[in-house]
Amino acid sequence: MSHLIAPSILASDFANLQSESEMLDKSNADWFHIDVMDGVFVPNISFGMPVIKAIKKFSNKPFDVHLMIVEPEKYINDFKSVGADILTVHYEACTHLHRTVQEIHNAGMKAGVALNPHTNINVLEDIIQDIDLVCLMSVNPGFGGQSFIENTYNKVSLLKEMITEKNTSTLIEIDGGVTSANARKLIDCGADVLVAGSFVFKSEDPTETISNLKTV
Ligand code: DX5
Ligand code: ZN
């Protein structure tokens, strides 16, 4: 499978979400990456269900919703109803992660688990076969535009080994500080999905930047 690109709308122009969404929809992006922050799990607040519902009207691509919130299990059906296709929760925010993953599947979505930069991938040993995606945070979650943490390469390689060993079809997604300078190396280490916010939306021609990341 060739790698997927999931631009993060966190870096888009919120005053023009319709045109930003239409641009992504027409581009070579594979998914919309949608960052939900609650001001508790992370020190920032982004947006919630009404905004996701509004942009869903202008997109035909899968919505990859990344929940940086505490108690994500409370809102699984709400995110399904506004258009989430993949719902990712943080390992660090879930006491009963396995139950939460089951509930995401029961609601009819793919389930992802995100790991903060300090969290060892070994914590996934007993759940990797039950999840569709692992989102490795390559910055500390909460803000766009931060610098990529180099230790991520090592984590991608180790996670890829785990996935190969267990023979699961789990996708590896990298989130934070992704640019054309690290994309190729990440894919070579085993990444399947690259999230890019600032690198896409702050570029002169976001459509072309997405195409470049797609063919990197
Ligand atoms: C960070 C978010 C990321 C962020 C990526 O908390 O989860 O998805 O939008 O933005 P860049 O690509 O600018 O690091
Ligand atoms: Zn994200």
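Tutor: Lys 166 has a relative accessibility of 34%, so it counts as partly exposed; buried means under 20% relative accessible area, exposed over 50%, and partly exposed in between, with a 1.4 Å probe and protein chains only. This is a predicted model, in which local features need pLDDT of at least 70 and side-chain atom pairs count only at pLDDT 80 or more, while totals for chains, interfaces and linings use all residues. Residues are numbered from 1 along each chain as its sequence is written, chains are lettered from A and ligands numbered from 1 in the order in which they are written, and side-chain values use heavy atoms, leaving out hydrogens and water.

Lys 166 and Glu 125 meet through their side chains in a salt bridge, 3.2 Å from N to O. Glu 125 sits in the loop between β5 (110-115) and β6 (133-137), and Lys 166 in helix α5 (residues 152-166), so the pair links distant parts of the chain, 41 residues apart. Helices (H or I, at least four residues) and strands (E, at least two) are DSSP runs, numbered from the N terminus. Glu 125 is likewise partly exposed, at 31% relative accessibility.

The structure holds 5 salt bridges, each a side-chain nitrogen of Lys or Arg within 4 Å of a carboxyl oxygen of Asp or Glu. Among them is the one between Asp 30 and Lys 214, with the closest N and O atoms 2.8 Å apart. That pair also links distant parts of the chain: Asp 30 is in the loop between α1 (17-26) and β2, Lys 214 is in helix α8 (residues 206-214), and 184 residues separate them. Another joins the side chains of Arg 184 and Asp 188 at 3.0 Å, N to O. Both residues lie in helix α6 (residues 183-189), 4 residues apart, or about one turn of the helix. Arg 184 is partly exposed at 38% relative accessibility, whereas Asp 188, at 55%, is exposed.

Next come the rings. The count comes to 3 aromatic pairs; rings of Phe, Tyr and Trp (its six-membered ring) pair if their centres lie within 6.5 Å, and planes under 30 degrees apart are stacked, over 60 edge-to-face and the rest tilted. One of the pairs is Phe 14 with Phe 47, edge-to-face because the planes stand at 80°, with ring centres 5.7 Å apart. Phe 14 is in the loop between β1 (4-7) and α1, and Phe 47 in the loop between β2 and α2 (49-56), so the pair ties together parts 33 residues apart in sequence. Phe 32 and Phe 63 make a stacked pair, 5.1 Å centre to centre with 25° between the planes. This pair links strand β2, which holds Phe 32, to strand β3, which holds Phe 63, across 31 residues. Phe 32 is buried, at 0% relative accessible area, and Phe 63 is buried at 0%. The charged end of Lys 56 sits over the ring of Phe 63, 4.2 Å from its centre; this requires NZ of Lys or CZ of Arg within 6 Å of the ring centre and within 35 degrees of the ring normal.
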